[in-house]
Amino acid sequence: MLSFFLFLFVVIVAYLCGSLCSAVIVSRLFSLPDPRMEGSKNPGATNVLRLSGKKYAVIVLVGDMLKGVLPVLLARLLDAGPVTM
């Protein structure tokens with residue numbers, strides 16, 4: 001039963017991490033144009049690269065990678081099974 005709740009917790013954390021949009025967060029933090037409204041209108045690192053430059057695109061790319069890595073690291077720290085990870 002405890003493993004079910006661990007699974008549910010990790011899935012919810014992973015979902016919430018994945019729902020964060022790094023491009024929008026970086027754009028707001030650095031007062032850049034909203035990538036959803038300009039360029040290709042795709043909130044991703046490539047559009048941020050076109051609109052604002054390499055420095056901000058790298059920040060977005062790292063943020064996007066962390067969205068995938070952090071939930072897995074959390075699951076490993078909590079000693080979750082391979083199915084959960």
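**Helix packing and buried residues**

Thr84 lies in the segment after H4; helices here are DSSP runs of H or I with at least four residues, numbered from the N terminus. Welcome to a predicted model, in which local features need pLDDT of at least 70 and side-chain atom pairs count only at pLDDT 80 or more, while totals for chains, interfaces and linings use all residues. Residues are numbered from 1 along each chain as its sequence is written, and side-chain values use heavy atoms, with hydrogens and water left out.

**Thr84**
- Thr84 is buried, at 17% relative accessible area (buried means under 20%, with a 1.4 Å probe and protein chains only).
- Leaving aside residues up to four places away in sequence, Thr84 touches Phe7 and Val10 (contact means heavy atoms within 4.5 Å).

**H1 against H4**
- The axes of H1 (residues 2–19) and H4 (residues 54–77) come within 9 Å and cross at roughly 165°; axes are lines fitted to C-alpha atoms over the stretch in contact, with angles from 0 to 180 degrees between N-to-C directions.
- H1 and H4 are therefore roughly antiparallel (over 145 degrees).
- From H1, Phe9, Val10, Val13, Ala14, Cys17 and Gly18 meet Lys67, Pro71, Leu74 and Ala75 of H4.
- This contact of H1 with H4 comprises 8 nonpolar, 1 polar and 1 charged residues (Ala, Val, Leu, Ile, Met, Phe, Trp, Tyr, Cys and Pro count as nonpolar, Asp, Glu, Lys and Arg as charged, and the others, Gly among them, as polar).

**H2 and its cover**
- In H2 (residues 22–29), the buried residues are Ser22, Ala23, Val24, Val26 and Ser27.
- Their cover includes H3 (45–52) and H4.

How values were computed: Helices (H or I, at least four residues) and strands (E, at least two) are DSSP runs, numbered from the N terminus. Angles under 35 degrees count as roughly parallel, over 145 as roughly antiparallel, 65 to 115 as roughly perpendicular and the rest as oblique. Buried means under 20% relative accessible area, exposed over 50%, partly exposed in between (1.4 Å probe, protein chains only).
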